[in-house]
Each structure stands twice: as structure tokens, then as C-alpha cells.
Amino acid sequence: MTTFTPATEAEIVDAVQWALAEGAPVEVCGHGSKRKLGRPLQTEHTIALTDYSGVTLYEPDELVLSAKAGTPIAELEALLASKGQAFQFEPMDYGPLLGEAAGQGSLGGVLATNLCGPRRLKAGSARDHVLGVRVVSGRGELFKSGGRVVKNVTGYDLSKGMANSWGTLGIATEITFKVLPAPETETTLIVRGLTDDEATRAMAIAMGSSGEVASAAHLPLNICSRVIDGLLKGDASTLLRLEGFAPSVADRVTMLKGLLGSAGSIQEISGDVSRKLWQEVRDVIPFADGTERPVWRVSMAPMEAYKLVASMRMGAAVDAYYDWQGGLVWLRLDGDPEAEAVRVLVKKFGGGHATLVRAPVAIRAAIPVFEPQAAALAALSTRLKQQFDPEAILNPGRMVAGV
């Protein structure tokens, strides 16, 4: 078994060309924080970007940052914070949920898995903020797409195409992201005591108002004690985050309190406590229990999500909470992951995508971890793989068996 830890872009090219010449499939990873995501790989060799790190360009006035793919995202977020800026799509950290330390994810992993957070409805995901990439394909060839300025859109779609590819098309070596000013003020309104269906309606009202709500989530009663050191225990909590300049936030808080006052009692938290709450919602801390109990990530129509959860609870022990106004459901099952049952119910309630995020290795090898693609889309994915990695040496089978 060989582990390559290239320190330069040329060494990454050399490692891929060696794998290609030897016909030796390789695992591609940054610091390994997401190794337990996706189907398990059966490769003898690894290309790890742990030594390929560093910022190559940061121009705060131009709102642009470029860095090598192995750069820890925590380091970049600290750098941005020192200049009052941030990745507005607030990439989640899978580490705690998967039994790993927090803060180990890399910039390349952010793009490869298209990460985002609770601000998804407002700010989008990683693919919406990437400006350019340099990539080594499975052919052992270096190419670039996009650029280092916001107005340069040459090859922009190809840059986006690397998002959610899970290292199966190429190895990103350098990535350029658009960055934005961090919000001056953050306040979260917490409506207490709503049932899942009542919370769904309340979130829809808030998101459809002039309150410019940045994030909306609902934590049922049994979830509330598992965030921000138990400060929300005692009743279900529907969360609405408002951001911006202090006077604007204050006006919108008043407006939303009047709009939702009849729904239930409303609490208000701000500053670091609010930020910690949304970080824990983002990183699925309620289910970061040190076990391998199956956890599903389901994206579907917000108004149908609570129906899915109610139906699942009729036949299984299920914990759940809702992000993205209900459009993202995190599910934890006590037993079998019940992949077929989950996906049948998702289809029944309007359709969507269900991804098995956490489960033992044997289970992840036996069932489709990612939502199976329709025939036409699967054919397109196969053609892309053949174009970028014709010998299937990069993360083979990570997303789909045999691809």
C-alpha cells in the first residue's frame, strides 16, 4: 500500500500518472474527515493532500480568495474573519457526525462534496461561489477552468461541474472562491411549542415575508436539549435567523414578532449564542453521538417533509429535525437504515433526494448510498467519468458501484 502526500502541483500530476501507468486505482482525500461518507473504497493506494496547503491569493477588496486544495477550511475561515469576511454558504463540518474531530475538512473537500449550511436558501452552496479551479484529471492532465476575478466566467460551468463529484472526476489543486462581508449583527427568534406541521407553516410565513430571514429550522422537543448546552430544552423550537445591520435587524425582529405572535411564545438570542446554535444545526450535532446508527440527509419539498417523518415514525424509531425551512430533513434511525422504505416515502411525498450519510461499512457497501439517478442522468454521469477518468482510477465506486 502506497500513500502519496504531494507537496506541489507537479507531484500531484506525477502521482496520478503513476497510478494510470500501473492501472492502480487510488483513493483521493484531503485530511480524511469525510472518508466515512459514500460507498467504501477498495483501493490499495491513496493520494492525500495533507501537505499541499496554503493561500495563494487573497484580495479582500476584490472579494476573492484562492488556496491550495489541502488547506484546512478552519484556517481559511479564521483568515476571512480577521478581515470581516466569510464564506456566505457556511460549509458544514461532517467530522463530529462521523466520529472525527471538528475542523479537519479541507477546501478541496468543500468543493468536491458541494458543502453548504443553514443559509442555503439565501446564499446557495459551494458551487454557487466557486470562480475557478485548477484540476488534475484521471488522464494525468492538468487543466484550469474559470479565473481569479468575479467578472471572469470563462469555463465557469466546468468549475461548477467539479462540485459534488466526490473526487471521481479529477483532483482539484487550487480553488478560487468568491467571499463576502460577514453579517454585522445576528439575531435568532425562537418560537416555542410548535408541532412539526405548525412549524412548517410558521417558517413558510416568515420566509415569505419582508423579514429577509436568512435561515429557518425546526427542532422537535427531543432534539432541543442536544444543542447549545441544553439551553432550549423544555419545548420544541422553531428557529428564524436574521442578519445585517443592527437597526435593520431590530426592525425586522419587531415585524416578525408581530407576524408570528399568535403562533407561540417567542424568545430571542443574539451574537455568539446564536452563531453557536446555527453551527450545531449545520453540523448535525444532535446526532453526533459517537455511534454508527444510520443517519439520512433528505432534501425534499418543505411542506411535505413533516409528513415523511410522521409516516416513518409509524413503523420505526426515528429522530428528526428540519433545516432549510423544512426542505432538508436529518433523520437518525435506531436500527436498519431501511433504504428502500425511506426512498419510497420520499417519492410518495413529492420526491426529492435521500443520502445515507452515516452507517457501518458493510451497510454502505450493500445499498445505494446516494439517490439512484434516472437512466438519462446516469448515462450522462458515466460519460463524464469516461471523459475525465477513462481508466476509473480516481475514487472508483465512491458514488456508484462500478463507476
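The legends below walk through close-up views of a predicted model. Local features need pLDDT of at least 70 and side-chain atom pairs count only at pLDDT 80 or more, while totals for chains, interfaces and linings use all residues. Residues are numbered from 1 along each chain as its sequence is written, and side-chain values use heavy atoms, leaving out hydrogens and water.

View 1. Helices are DSSP runs (H or I, at least four residues) and strands are E runs of at least two, both numbered from the N terminus. Axes are lines fitted to C-alpha atoms, for helices over the stretch in contact, with angles from 0 to 180 degrees between N-to-C directions.

**View 2. Side chains where helix 10 meets helix 11.** Look for Leu308, Ser311 and Met312 in helix 10, which meet Val342, Leu345 and Val346 in helix 11; contact means heavy atoms within 4.5 Å. The residues of this contact divide into 5 nonpolar, 1 polar and no charged. In this scheme Ala, Val, Leu, Ile, Met, Phe, Trp, Tyr, Cys and Pro are nonpolar, Asp, Glu, Lys and Arg are charged, and the others, Gly among them, are polar.

**View 3. Helix 6 and helix 10 run roughly antiparallel.** The axes of helix 6 (residues 196–207) and helix 10 come within 9 Å and cross at roughly 170°. Asp196, Asp197 and Thr200 of helix 6 make the contact with Tyr306, Val309 and Arg313 of helix 10. By class, this contact has 2 nonpolar, 1 polar and 3 charged residues.

**View 4. Ring pairs join Phe87, Phe89 and Phe177 into a cluster.** The structure holds 7 aromatic pairs. Rings of Phe, Tyr and Trp (its six-membered ring) pair if their centres lie within 6.5 Å; planes under 30 degrees apart count as stacked, over 60 as edge-to-face and the rest as tilted. The rings of Phe87 and Phe89 are a tilted pair, with centres 5.6 Å apart and planes at 50°. Both Phe87 and Phe89 are buried (under 20% relative accessible area, with exposed over 50% and partly exposed in between; 1.4 Å probe, protein chains only).

**View 5. Phe89 pairs with Phe177.** Their ring centres lie 5.5 Å apart with planes at 35°, so this pair is tilted. Phe89 sits in the loop between strand 6 (85–86) and helix 3 (107–112), and Phe177 in strand 9 (residues 170–178), so to speak distant parts of the chain, 88 residues apart. Phe89 and Phe177 are both buried.

Notes: Parallel < 35°, antiparallel > 145°, perpendicular 65-115°, else oblique.
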